Amino acid sequence: MICFDHVTKRYPERGEALRDLSFELDTGEMAFLTGRSGAGKSTLLKLVGLLERPTRGRVIVNGRDLCTLSRRQIPYYRREVGIIFQDHHLLEDRSVFDNVALPLIVSRMGRSEIGRRVRAALDQVGLLDKERVVPTSLSAGEQQRVGIARAVVRRPSVLLADEPTGNLDPDLAREIMQLFRRFHQVGVTLLIATHDVALITAMPYRTLTLDQGRLVIDSGIW
Amino acid sequence: MGTRRRHGTQSRIGMAIRVWLSHHGRSALASLGDLTRAPAASMMTITVVGISLALPAALHLTTRNLATLVQGWQEHAALSLFLTPNLDGAGAKVLAEQIAAHPGVSRVRLITPDEGLAELRGASGLAEAVGLLPENPLPTVLALEPSPALAGDSTKLTALREAFASLPGVADARLDTAWVQRLDAVLALGGRAALVLAGVLSLAVLLVVGNTLRLEVANRRREIELMSLVGATPAFVRRPFLYAGAWHGLLGALVAIVIVTSAVILLQSPVSRLAALYGTEFRLAWLDATTLLSVLGGGPALGLIGAWLAVGRHLAACEPR
């Protein structure tokens, strides 16, 4: 469950990115976050992922108020949330396997368990045969799928995606969306930021629309 | 049932400890491997660390060797008793025997005025001047060698001098240790200088290792950020850099020991030859255990702190604002 309670985020250099934002996302719900660039989509995801803290208000994820988490607890919270970035943030000098294994390595998992889970995640995104290659030799769609495998490899309960199809052609974008639907089917809570309106209108999911940091349309559940 | 559960918990804890240990081992080995990836930079850093650690160690060793040398001279510190002219040869002998029985004295040599004059005549360039003297002006002298127990203890030597000065038949007593005391003070200064130098150069080691790792941290900034993003604890991110710092420090410490030891080996035979020319035997001491351990322990510790400082700033940037 993700709950925003009158959240405001102000950056010293460019003012308020989110203004008095309140909404609630149930456990296992899948929703799109849309709006023009600069509307506050990325900021909202960063608050959920605890990459940033709100200036005012409370963000509650899985029953925990993120503002009350201490510095020591932050790494453990981040392990519960998978994040997919638009520019996929892959390490170019490491193999696909090592990139996907990173979240498991930092949580000190045993070697054989890491191997098993990484292959399972790569299998889910259809890249099992690419584990030994470096990301730069992959296509844009494949790189994005490596990023997705890395986000889901620890089986997080919450999955956040920031413009995951931003650099992809429509066919690849649809493929990625299919992948997200499969995670939704197994009970993962998903929040996907995108400005690809054509893509989301084709799918029966709730859509939150932001404009200048305010929630202007909450399409509700179809 | 209960025991089985306890057993299960134990094996889980055992597993966690094994994973933790293997992670540490891998970090340590991996960071050692990283050193060989940029051998030129690593070698330079290690050499600078080595020289920085070698300088105070060498100064300390020099002071210690000089102290041993001075210790030897102090044992020869002489106490000279000038006897009154009215005491004849027999009286002087009796007095010499009395003094030789004193526990603070290990040896007494009686120098009659004639012997004294002969010694003076033997001293370079004085023969003619001595020949001009109408009579022998020298008093009878008792040259004492204080017992080894008193050697180096200037207060006890002074007390001994005062005791002998008040004896009947003794005109004056002179203690010949002022220069030894001065040398002692110089050595104390040298020891202190070694400590100050060690402090200043420790700071240099800290900065050199810190700077080397700062570059490494900057090169791996993306990886560090990504690791924190996916839930790495600061300790986990810091660890490989701390190991790298400790390796630089340890290898630097070994270089320092090699430098100082080579210097001792190179200087050993010239020093022995010089000592032989002065009619004594003297061998340079090697690094003592305390210095060896402080170099071996201090190097890695300084490297560790330098690494901590270098990586800290980037970690702070990974925290939510």
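Hi everyone, let's start with one residue, Phe4 of chain A. Setting aside residues up to four places away in sequence, Phe4(A) touches Leu21(A), Ser22(A), Phe23(A), Leu44(A), Leu47(A), Val48(A), Arg58(A) and Val59(A). Before I go on, please keep in mind that this is a predicted model.

So where does Phe4(A) belong? Phe4(A) is a member of the largest nonpolar core, which has 47 residues. Together with Leu44(A) and Leu191(A), Phe4(A) touches the most other members of that core. Apart from that one lies another core, this time of 38 residues, and its members include Val100(A), Val152(A), Ile192(A) and Leu199(A).

Val118(A) sits in helix α4 of chain A, which covers residues 111-124. Is Val118(A) buried or exposed? With a relative accessible area of 0%, Val118(A) counts as buried, because the cut-off for that is under 20%. What does Val118(A) meet there, leaving aside neighbours within four places in sequence? The contacts are Phe97(A), Val100(A), Ala101(A), Leu104(A) and Val153(A). For a sense of scale, the C-alpha atoms of Val118(A) and His195(A) are separated by 30 Å, and these two residues are 77 apart along the chain.

Let's zoom out to the domains. Chain A is divided into domain 1, made of 1-56 plus 157-222, and domain 2, which is 81-155. The C-alpha centres of these two domains of chain A lie 23 Å apart.

How many residues take part where they meet? On the domain 1 side of chain A there are 20, in contact with 16 residues of domain 2 of chain A. Between them, the two domains of chain A bury about 1,500 Å², with 66% of it on carbon and sulfur atoms.

There is some polar detail here as well. Across this interface of chain A, eight residue pairs are in polar contact, both partners at pLDDT 80 or more. The elements giving two or more residues to the domain 1 side that touches domain 2 in chain A are β7 (158-162) and α6 (170-185). Of the elements on that side, α6(A) gives the most, with seven residues. The same interface of chain A has one salt bridge by the rule used. Elsewhere in my notes for chain A, Arg145(A) forms a salt bridge with Glu175(A), and their closest N and O atoms are 3.4 Å apart.

Last, a quick look at chain B. Chain B has a domain 1 of 27-72 plus 182-318, and a domain 2 of 78-176. Their C-alpha centres in chain B lie 53 Å apart. Thanks, everyone!

Methods. Residues are numbered from 1 along each chain as its sequence is written. Chains are lettered from A and ligands numbered from 1 in the order in which they are written. This is a predicted model: local features need pLDDT of at least 70, side-chain atom pairs count only at pLDDT 80 or more; totals for chains, interfaces and linings use all residues. Side-chain values use heavy atoms; hydrogens and water are left out. A nonpolar core is a set of buried Ala, Val, Leu, Ile, Met, Phe, Trp, Tyr and Cys residues joined through side-chain atoms within 4.5 Å. Buried means under 20% relative accessible area, exposed over 50%, partly exposed in between (1.4 Å probe, protein chains only). Contact means heavy atoms within 4.5 Å. Domain bounds come from an automatic or database domain assignment. Buried area is the accessible area (1.4 Å probe) that two parts lose on being put together, summed over both. A salt bridge is a side-chain nitrogen of Lys or Arg within 4 Å of a carboxyl oxygen of Asp or Glu. A polar contact is a pair of N or O atoms within 3.5 Å; within protein, one must be able to donate a hydrogen and the other to accept it, and residues adjacent in sequence count only if both atoms are side-chain atoms. Helices (H or I, at least four residues) and strands (E, at least two) are DSSP runs, numbered from the N terminus.
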